[in-house]
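Reader: I am new to this structure. Please show me how to read a few of its features.

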Amino acid sequence: MYGALDLGTNNCRLLVARPTRGGFRVIDAFSRIVRLGEGLTGNGELSDEAQARTIAALQVCAAKMRRRGVTRRRMVATDACRRATNGADFLARVIDETGLDLELLTTNEEASLAVAGCTPLIDQRARYALVFDIGGGSTELIWLGVRRGGRTRLEHWTSLPFGVVNLAERYGGEVIDPPVYEAMIEEVSAHLQPFRKAIERDGHKPAHQIQMLGTSGTVTTLGGVQLDLPYYDRRRVDGLWLDFVDALDIAERLRAMSFAERAAHPCIGRERADLVVAGCAILAAICRAWPVGKLRVADRGLREGMLLSMMRAADNAGP
């Protein structure tokens, strides 16, 4: 049995799975919003309250893996633990209190795992793919060349210092007026320009040859809203195509809602109601930089990438 744990700035997520022919079957899963990076932008440290919430979630993950008999596992921490001055101390505390030894990913490793988890959703007819992951404390963008047979080649990648948590903390998350929303988009857009220009220097411009693939709570939320789901359903959202017009229209509707209205939405909820508009601003900036017209939604990412890489390594090692 395999386990993959992803501790991000906002969420703690676990998948427990068994290999199948060509993939894996999920046996157990866990996801909890812990807001580990709450307040990090202001003081540079993980707060005591955030650490306590996260430890409690990790204890649940440890119990699930013991109960399911997980024998091979990979557990990672990302942006919040990278940036916090007490990040290393927190990871040591995690070992003491949960027995889980989390690996601190570099931004490059994080991008590579996100791609590995999303590759099955890349259209083999595309020449290039832009994969993006809007996280809690950062946003990763990966530009891939798509070869015959669907094989991909990483050509460019970047990590922006913007995620839903730190952007919402700076601009506000409850009431976002149009000028504030536009300022958020413009700030992210300015940071995207060096990456976009690096790609254009390689001559990659034809929009019809590019597939855009988004993996994050922002795009999955927009997918759930687009489908008008009475509750979030991963099976219906994962792999969904969204036109930019529809996605940006939904983003504007969410911006215009009150906090209470967003909290009451079945695909958002109170824990994410103050964060989703910041994610929409990041998405809007990406859509402006690469106006390809549509994107595909991926409700998958680091955990799936870790599971697939572990299973391939086990197959290559033999009995």
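Reader: How many disulfides does a search of the whole structure find?

Author: The general idea comes first. A disulfide is a covalent bond between the sulfur atoms of two cysteines. This is a predicted model. A search of the whole structure finds zero disulfides.

Reader: Cys 287 lies in a helix contact, I think. Which residues of α10 and α12 meet?

Author: From α10 come Phe 244, Leu 248, Ala 251, Leu 254 and Arg 255. From α12 come Val 276, Val 277, Cys 280, Ala 284 and Cys 287. By class, this contact has nine nonpolar residues, no polar ones and one charged.

Reader: At what angle do α10 and α12 pack?

Author: Helix α10 covers residues 244-256, and helix α12 covers residues 276-289. They pack at about 150°, with axes 10 Å apart. Angles over 145 degrees count as roughly antiparallel. So α10 and α12 are roughly antiparallel to each other. Their crossing is left-handed.

Reader: How do the axes of α6 and α12 cross?

Author: Helix α6 spans residues 164-171. Its axis comes within 8 Å of that of α12, and the two cross at roughly 105°. That makes α6 roughly perpendicular to α12. On the α6 side, Val 164, Leu 167 and Ala 168 make the contact. On the α12 side, Ala 278, Gly 279 and Ile 282 do. The residues of this contact divide into five nonpolar, one polar and no charged.

Reader: Which residues in α6 are buried?

Author: Val 164, Val 165, Asn 166, Leu 167 and Ala 168 are buried in α6.

Reader: What covers the buried residues of α6?

Author: The cover includes helices α1 (40-43), α3 (79-83), α7 (178-201), α8 (217-226) and α12, along with strand β6 (128-134).

Reader: What comes just after α6?

Author: Gly 172 does, and this residue takes a positive phi of about 100°.

How values were computed:
Residues are numbered from 1 along each chain as its sequence is written. This is a predicted model: local features need pLDDT of at least 70, side-chain atom pairs count only at pLDDT 80 or more; totals for chains, interfaces and linings use all residues. Side-chain values use heavy atoms; hydrogens and water are left out. Axes are lines fitted to C-alpha atoms, for helices over the stretch in contact, and angles run from 0 to 180 degrees between N-to-C directions. Helices (H or I, at least four residues) and strands (E, at least two) are DSSP runs, numbered from the N terminus. Angles under 35 degrees count as roughly parallel, over 145 as roughly antiparallel, 65 to 115 as roughly perpendicular and the rest as oblique. A crossing is left-handed if the near helix is turned anticlockwise from the far one by less than a right angle, and right-handed if clockwise. Contact means heavy atoms within 4.5 Å. Ala, Val, Leu, Ile, Met, Phe, Trp, Tyr, Cys and Pro count as nonpolar, Asp, Glu, Lys and Arg as charged, and the others, Gly among them, as polar. A disulfide is a pair of cysteine sulfur atoms within 2.5 Å. Buried means under 20% relative accessible area, exposed over 50%, partly exposed in between (1.4 Å probe, protein chains only).
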